[in-house]
Structures are given as C-alpha cells and as structure tokens.
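Here's a quick tour of one protein model, written for someone new to reading structures. Keep the picture open while you go through the points.

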Amino acid sequence: MRALVTGATGFVGQRLLALLQQPVVLSRDGARAEMELAKFGVKAFSWNPTQKRPPAEAFTGVDAVFHLAGDSVASGRWTSAKKVRMRESRIAGTRNLVATLASLPVKPKVLISASAVGYYGDCGDEVLAESATPAGDYLAELCQGWEREALAAEQHGIRVALIRIGIVLGEKGGALSKMLKPFYVGAGAPLGNGKQYMPWIHIQDLVKLMLFAAENDFVHGPLNGVAPSPVTNREFTKSLGRAIRRPTFMPPVPGFMLRLMFGEFGSILLNSQRAIPKAAEQAGFKFDYADLEPALQNIFKK
Ligand SMILES: NC(=O)c1ccc[n+]([C@@H]2O[C@H](COP(=O)([O-])OP(=O)(O)OC[C@H]3O[C@@H](n4cnc5c(N)ncnc54)[C@H](OP(=O)(O)O)[C@@H]3O)[C@@H](O)[C@H]2O)c1
C-alpha cells in the first residue's frame with residue numbers, strides 16, 4: 001500500500017509514518033518536513049490546507065490517504081482568530097484535499113480522515129457508539145463539518161473512514177505531555193467533579209486502527225478511535241499518579257479555575273464522553289491496550 005499522509009509532522013502522524021513504506025507527505029513546509037521526517041524515507045510536498053488544493057502530482061501511485069492536518073485544539077487560547085484557524089484548517093482544508101482527489105484520473109482507493117469525540121459534546125454517563133447524535137457546540141459542529149467534507153470523497157468512488165479520535169496517550173507529546181507537569185510536582189488532581197468520562201486510546205492502537213481501516217474494504221464511515229474502557233477523570237488521575245509514582249491527594253481543580261487558566265478550552269476538559277469503539281470491534285479490530293493501567297505502564301516503562 002502506497003500512502004500519503006497530511007499532518008505527518010504531528011504527534012500521531014509521526015507514529016503512523018513508522019508503519020508505512022516510503023510514504024508521501026503533505027506539509028505546510030515540504031522542505032522542513034522532508035528534513036524532519038528523513039528517517040521515514042518520506043517524499044514531501046508543500047501544501048497549505050486553507051489556501052489551495054494540494055498538488056495532484058503528490059498522489060501519483062497513492063492507494064491510501066491519511067488526513068490528519070489541523071490547527072491544534074489543545075494548545076493556545078481559543079481567541080476568535082484561533083477558532084477560525086482550527087475550523088478552517090479542517091473544513092476548508094478537507095474540502096481542498098477532496099477537490100484534488102476528485103480531479104485525479106487514477107484515484108486512491110481510500111481516505112482515512114481524522115475526526116474527534118468532540119463530535120458528541122458533553123453526554124454524562126451515556127454510552128456513545130458511532131450512531132449517537134452529534135452535539136451543537138463549536139467543537140461538535142467543527143467535527144461534523146470536517147466529516148461532511150471528507151465524506152464527499154465517496155461521490156468520487158473513494159471509500160472513506162472517519163476516525164473519531166479520543167485522548168491519544170503516548171510518549172513525548174500529545175495530551176499526556178501537557179498533563180504531566182502538575183503530576184510530577186505532586187499536584188495531580190481531578191478536574192471539576194472528576195466524574196466526566198475520558199475516552200482515551202494508546203497511540204499504538206490508534207495508528208494500527210488507521211491502517212486496519214485502510215486495509216479492509218468493508219470498513220467505512222465513522223469509527224470511534226477510543227479504547228473499549230473509557231474511565232472517569234477521577235480514575236484517570238489515580239491511574240496516572242500510580243503509573244508515575246506520584247501522589248494525587250490534591251483537591252479537585254474547580255471548573256471556574258480551568259476556565260480562568262485555559263479560557264473556553266477549560267470547559268472542554270469538563271465534557272464527558274463515554275465513547276466505545278463499537279464499529280472497530282464489530283469489524284474485528286483487536287486492541288493491544290484495552291485497559292488504561294497497562295497502557296500507562298507501557299508508556300512510562302523506561
Ligand atoms: N492527539 C489527540 O489527542 C487528538 C484527539 C482527537 C483528535 N485529534 C486529531 O487528530 C489529528 C492529528 O492529531 P495530532 O495530535 O497528531 O496533531 P498535531 O500534533 O497538532 O499535528 C497536526 C499537524 O497539522 C498541521 N497543522 C498544524 N497547524 C495547522 C494549521 N493552522 N493549518 C493547517 N495544518 C496545520 C501540522 O503539520 P505541518 O506543520 O507539517 O503542516 C501538524 O503537524 C488532528 O487533526 C487532531 O485534531 C487528535
């Protein structure tokens with residue numbers, strides 16, 4: 001399988017590249033990406049998702065497209081300019097990508113496009129399979145627009161799988177690297193009342209799921225990219241403290257404090273999504289890390 005990856009320089013992208021043979025990548029700075037990702041033997045092309053369509057020549061001989069590019073949701077304050085960037089990098093970006101795919105005389109067979117569990121909004125204890133109703137907040141609407149643009153590739157005979165990704169756990173980057181600081185100084189604590197469900201996934205399982213979706217013709221539509229055992233924020237806090245051998249006795253961080261510290265993103269940290277990977281499991285995907293404690297032990301084993 002010859003693959004093309006967008007957002008390949010990111011946390012998930014680099015882990016995915018390690019599983020691919022001589023991938024092509026699209027980056028806002030192709031020259032920088034080719035240097036940074038040299039160990040993966042990539043060929044890189046420049047593409048700014050919001051500004052134009054990607055170059056058709058990048059897709060020569062490509063069977064599978066993995067689309068991960070998008071402005072970071074978890075870093076930086078959500079100013080109105082930032083919200084436009086997060087949205088447009090995904091919605092206009094995916095529209096531009098699909099416009100090139102549609103124009104190709106020989107098209108890739110499959111598009112695996114990232115989405116997020118933010119699609120579901122804040123759902124308390126409700127168990128969320130892929131058929132659950134989407135919410136109406138900013139992030140949920142962003143995810144719906146992002147998915148709609150990706151699904152448009154089906155009209156051009158391209159199979160589309162949408163991976164609604166949860167909190168990705170892995171070494172050196174992603175959500176864990178942001179969470180760890182207070183834990184290392186003994187200040188790890190639940191957020192809000194700690195009852196919100198956190199749908200997490202080990203990065204190794206996520207990239208394996210993406211490949212599984214690419215390789216199996218019967219897989220299409222949305223798949224929750226989450227482990228089968230979501231935990232509450234309180235349970236997550238305890239498990240993370242145990243994994244790095246630090247206490248978690250501090251009182252919970254109240255919601256208003258999170259909003260003061262992180263602005264609108266602070267509220268997202270309190271959203272509850274008890275998402276389960278129903279579609280992936282029905283398709284026969286097997287998780288290496290179905291439970292949180294072994295996943296964290298693996299990540300912090302060194
Ligand atoms: N990590 C998670 O926990 C998580 C959870 C849910 C969903 N997701 C989604 O999964 C995808 C991959 O996640 P990730 O953690 O690997 O993301 P990441 O580390 O932030 O990388 C995303 C990549 O997108 C490109 N990018 C950044 N800002 C951009 C902008 N303003 N316009 C266009 N492209 C931009 C960059 O590639 P270049 O610099 O090479 O262009 C960057 O390396 C993202 O779309 C993310 O929203 C991730």
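A residue counts as buried when its relative accessible area is under 20%. Cys123 has 16% relative accessibility, so it falls on the buried side of that cut-off. Bear in mind that this is a predicted model.

**The cysteines**
- How many disulfides turn up in a search of the whole structure? The search finds zero.
- Cys123 is in no disulfide, and the nearest cysteine sulfur, that of Cys143, is 12 Å away.

- Strands of a sheet pair through backbone hydrogen bonds, either parallel or antiparallel.
- This model has an open sheet of seven strands with parallel pairing, and the strand order is 3-2-1-4-5-7-11.
- Which strands stand at the edges? They are strand 3 (43–46) and strand 11 (221–225); each has a single partner strand, so one side of each is left without a neighbour in the sheet.
- On average, neighbouring strands of this sheet are turned by 20° against each other, if you ignore direction.
- Zoom in on strand 1 (residues 3–6) and strand 4 (residues 64–67): they run parallel and are joined by four bridges. Val5 has Phe66 in strand 4 as its bridge partner.

**Helices on the sheet**
- Helix 4 packs on the sheet and touches strand 4, strand 5 (110–116) and strand 7 (159–165). The direction of helix 4 makes about 175° with that of strand 5.
- Helix 6 (residues 203–215) also packs on the sheet, touching strand 4, strand 5, strand 7 and strand 11. Its direction makes about 165° with that of strand 7.

**Helix against helix**
- Helix 3 (residues 80–103) and helix 4 (residues 138–151) pack at about 10°, with axes 8 Å apart, and are therefore roughly parallel to each other.
- Residues in that contact include Arg87 and Arg90 of helix 3 and Trp146 and Glu149 of helix 4. By class, the contact of helix 3 with helix 4 has seven nonpolar, two polar and five charged residues.
- Helix 5 (residues 174–184) and helix 7 (residues 233–243) pack at about 75°, with axes 11 Å apart, and are therefore roughly perpendicular to each other.
- Leu176, Met179, Leu180 and Phe183 of helix 5 meet Phe236, Thr237, Leu240 and Gly241 of helix 7. The contact of helix 5 with helix 7 has six nonpolar, two polar and no charged residues.

Terms used:
Residues numbered from 1 in each chain as written. Predicted model: local features only at pLDDT ≥ 70, side-chain atom pairs only at ≥ 80, totals over all residues. Heavy atoms only, no water. Axes fitted to C-alpha atoms, helices over the stretch in contact; angles between N-to-C directions. Helix = DSSP H or I, 4+ residues; strand = E, 2+ residues; numbered from the N terminus. Parallel < 35°, antiparallel > 145°, perpendicular 65-115°, else oblique. Contact = heavy atoms within 4.5 Å. Nonpolar A, V, L, I, M, F, W, Y, C, P; charged D, E, K, R; others polar. Disulfide = S-S within 2.5 Å. Buried < 20%, exposed > 50% of the residue type's maximum accessible area, 1.4 Å probe, protein only. Pairing = 2+ DSSP bridges.
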